[in-house]
Every structure is written in structure tokens, then in C-alpha cells.
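Here is a short briefing for a reader who is new to this structure. Take a look at the model before reading on.

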Amino acid sequence: MLTVVGIGPGAAHMLTLQAQAAINDAQILVGGARQLALFAHGNAQTRLLDSDLDGLIDWLRERITERVVVLASGDPLIYGIGKLLSANFSPAELHIIPGISSIQYLCAKAAVDMNDLWITSSHGREPDFNAVAAHQKVAMVTDQIINPYAIAQAMLKRGFNPVFIIGENLSSADERIHRLRAADVAHSYAMNVVLILNER
């Protein structure tokens with residue numbers, strides 16, 4: 001059976017016990033370089049996850065009887081690889097272990113409740129900034145192209161100056177959390193997730 005494991009925001013101590021057990025039991029670990037580096041001490045074979053997703057699906061199908069674990073940052077079903085795999089494998093073939101998402105982690109750190117939170121992403125895609133402006137609380141997974149500065153500029157262009165909570169390198173030793181207005185958002189931040197609080 002294929003198992004997809006949410007490994008949380010990055011630090012090994014954020015793994016659930018179920019996630020750790022699945023990783024320990026894996027014959028093959030699949031993930032990005034940073035993810036695989038977290039578990040380099042194990043005995044499992046590894047496969048680097050690259051942009052050839054069709055090739056990945058075929059490769060996984062050939063190994064469906066082996067204990068293959070696909071590592072997913074955060075939670076596999078919040079803009080993660082879980083969506084792709086659940087569309088290509090049946091529930092009998094696929095076991096998804098949820099993880100603590102970077103959004104959950106940042107909300108907890110910033111003491112922002114997740115009730116009515118609208119979740120979206122700018123990771124490799126153009127977000128609907130009108131929808132972002134229309135919601136009172138937004139969480140956004142970002143990338144280096146549409147980063148916090150670009151998001152803030154899009155809000156200012158629409159006449160809003162919301163509060164941004166930017167979490168950099170979450171759960172790592174150099175974690176930083178910033179709370180500031182859109183007008184004060186800097187041009188560059190390390191790997192991050194953003195909360196946008198639109199006051200009404």
C-alpha cells in the first residue's frame with residue numbers, strides 16, 4: 001500500500017506518532033531533497049520527488065505492493081501532493097496520514113483562531129486577489145514569485161491595508177513571525193506562510 005505522510009512544518013519533533021511509525025517502517029521514502037534529508041538516518045531506499053508527476057504515478061503503481069511512503073510538507077491535502085495521489089489511486093491502495101500544516105502552526109503561534117479561515121495558495125499559481133480582499137481571514141501558502149510583498153501590493157491596489165502575519169522558516173531554529181500592515185511588508189522573506197486579516 002502507498003502511504004502519504006504529512007511531516008508537519010519542518011521540524012522532526014512536529015511529526016505525529018503515526019507519521020513517525022510509517023516512516024520508520026517504510027521500504028522506500030519519496031520526497032523533496034529537504035524532506036529526505038530529515039530522515040537520512042534510516043535504512044529505507046529513497047526517490048527524489050521531481051517535476052515529472054506522471055512518471056511518479058507510473059513508478060508508484062509498479063511498487064504498490066511495497067511499503068512506499070511519500071513525504072508531504074505540512075498536511076498532504078492542503079495544497080499538497082495528497083490531492084494528486086488521491087485522484088490516481090483508490091482508497092484501498094492509498095493511506096493518507098495527516099500532518100500539522102504550516103497554516104495551523106502559524107495560527108497557533110499568532111493566536112488566530114481558524115474559524116471561517118479561507119485557505120488559498122500562490123505557490124505556482126495566480127491567486128484570486130479579489131476573493132482574498134473579500135474574506136475577513138485568509139491563509140496563503142506562498143512562493144518566491146507571488147510572495148508576501150506581491151500579495152500586500154495587490155491588497156493596497158484594491159484600497160485595503162490589512163494586517164499581515166508572516167511566518168518565516170516555521171518550526172526551525174531561525175523561525176521568525178512578523179505582524180505588520182500591508183504597507184509595511186518588506187520585499188523579501190525566507191520560506192513563509194501568510195495570514196491576512198481584513199478588518200471590516
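Helices and strands here are DSSP runs, numbered from the N terminus; a helix has at least four residues and a strand at least two. The model is predicted. Another open sheet has five strands in the order 6-7-10-8-9. The largest pocket holds about 1200 Å³ of space.

**The parallel sheet**

- Strand 1 (residues 2-6) and strand 5 run parallel and are joined by four bridges. Opposite Thr-3 stands His-95 in strand 5.

- From one strand to the next, the twist averages 20 degrees.
- Strand 8 (residues 163-168) and strand 9 run antiparallel, joined by six bridges. Ile-166 faces His-178 in strand 9 as its opposite residue.
- Helix 5 (residues 102-110) packs on this sheet. Helix 5 touches strand 6, strand 7 (137-141), strand 8, strand 9 and strand 10 (192-197). The direction of helix 5 makes about 60 degrees with that of strand 10.
- Helix 7 (residues 148-157) lies across strand 7, strand 8 and strand 10. Helix 7 runs at about 170 degrees to strand 8.

**Strand 7**

- Strand 6 and strand 7 pair in the parallel sense, over four bridges. Trp-118 has Val-138 in strand 7 as its bridge partner.
- Is strand 7 largely enclosed or left open? Five of its five residues are buried, so strand 7 is largely enclosed by the rest of the structure.
- Lys-137, Ala-139 and Val-141 point one way from strand 7. Val-138 and Met-140 point the other way. All of these residues are buried.

**The largest pocket**

- The largest pocket is lined by 41 residues. Closest to its centre are Arg-34, Ser-73, Tyr-79, His-123 and Val-141. Val-141 is also one of the buried residues of strand 7.
- Which elements each supply at least two residues of the lining? They are helix 2 (33-38), strand 4 (68-72), helix 4 (82-88), helix 5 and strand 10.
- Helix 2 gives the largest share of the lining, three residues.
- By class, the lining has 19 nonpolar, 17 polar and five charged residues.

**Loop residues**

- Gln-144 sits in the loop between strand 7 and helix 7. Gln-144 is exposed, because its relative accessible area is 78% and exposed means over 50%.
- Gln-144 and Asn-192 are 48 residues apart along the chain. Their C-alpha atoms are separated by 9.2 Å.
- Most residues other than glycine have a negative phi.
- Ala-111 has a positive phi, near 55 degrees. Ala-111 lies in the loop between helix 5 and strand 6. Ala-111 is exposed, with a relative accessible area of 70%.
- Asn-169 also has a positive phi, near 50 degrees. Asn-169 lies in the loop between strand 8 and strand 9.
- Is Asn-169 buried or exposed? Asn-169 is buried, because its relative accessible area is 14% and buried means under 20%.

Key
Residues are numbered from 1 along each chain as its sequence is written. This is a predicted model: local features need pLDDT of at least 70, side-chain atom pairs count only at pLDDT 80 or more; totals for chains, interfaces and linings use all residues. Side-chain values use heavy atoms; hydrogens and water are left out. Two strands pair if DSSP finds at least two bridges between them. Axes are lines fitted to C-alpha atoms, for helices over the stretch in contact, and angles run from 0 to 180 degrees between N-to-C directions. Contact means heavy atoms within 4.5 Å. On a 1 Å grid over the protein atoms alone, a cavity is a set of points where a 1.4 Å probe fits but cannot get out, and a pocket is an open set with protein on both sides within 12 Å along at least five of seven lines; lining residues have an atom within 4 Å of a point. Grid points are joined across faces, edges and corners, and a volume is the space filled by probe spheres set on the points. Ala, Val, Leu, Ile, Met, Phe, Trp, Tyr, Cys and Pro count as nonpolar, Asp, Glu, Lys and Arg as charged, and the others, Gly among them, as polar. Buried means under 20% relative accessible area, exposed over 50%, partly exposed in between (1.4 Å probe, protein chains only).
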